[in-house]
Amino acid sequence: MRVGVGYDSHQFGDGGPMRLGGVDIPAEFHCAGHSDGDAVCHAVTDALLGACALGDIGALFPDTDPANKGKDSVVMLEAAVDRVWAAGYAVGNVDITVVTEWPKVGPHREAIRARLASALRTTAERVFIKGKTNERMGWIGRGEGLAVLCTATVVRR
Ligand code: MG
């Protein structure tokens, strides 16, 4: 078994919806970014690539490449899972924490778990996501953006 850690943060931009974990959440703002801004998928992608020492999302999908503009981050995650499998591993589990004042993650948890499980070629039982506020401190507390942490394990196939 191997373990990887992923982190991502995105600034908010005006207008929704907010895409997190491949799910569109109704909101008045979204995560700005070169791709679709899905910070959950980005953190999970980095955790899996790190677990297998396969590089990082920036190396796989450079934000200088116009082809990655507005890209569906689930597609990037699936490409990372392809590499994990090619290296002889499968996803063990992923555990995700979203640090944000808004939106609440809980009401969307099951939808995100199901969407990610499909992309990760595993079951929702092996995927978890939870939200934490930053107790109104700092840039997250001011609602300027959000941060995502992910721990992932991979196991020999
Ligand atoms: Mg990102």
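In β7, Ala-147 is the bridge partner of Val-99. The model is predicted: local features need pLDDT of at least 70, side-chain atom pairs count only at pLDDT 80 or more, and totals for chains, interfaces and linings use all residues. Residues are numbered from 1 along each chain as its sequence is written, and side-chain values use heavy atoms, without hydrogens and water.

Strands pair through backbone hydrogen bonds, parallel or antiparallel. β5 and β7 pair in the antiparallel sense, over 10 bridges. Here, two strands pair if DSSP finds at least two bridges between them. Strands (E, at least two residues) and helices (H or I, at least four) are DSSP runs, numbered from the N terminus.

Now take the whole sheet. It is open, has 5 strands and runs β4-β1-β7-β5-β6, with mixed pairing. β4 (29-31) and β6 each have a single partner strand, so one side of each lacks a neighbour in the sheet. From one strand to the next, the twist averages 25 degrees.

α1 packs on this sheet and touches β1 (2-14), β5, β6 and β7. Its direction makes about 160 degrees with that of β1. Such angles run from 0 to 180 degrees between N-to-C directions, with axes fitted to C-alpha atoms, for helices over the stretch in contact.

Next comes the core. A nonpolar core joins buried Ala, Val, Leu, Ile, Met, Phe, Trp, Tyr and Cys residues through side-chain atoms within 4.5 Å. Buried means under 20% relative accessible area (1.4 Å probe, protein chains only). The largest core has 38 residues; Leu-48, Ile-96 and Leu-120 have the most contacts inside it. α1 gives the most to this core, 8 residues.

Key
Buried means under 20% relative accessible area, exposed over 50%, partly exposed in between (1.4 Å probe, protein chains only). Contact means heavy atoms within 4.5 Å.
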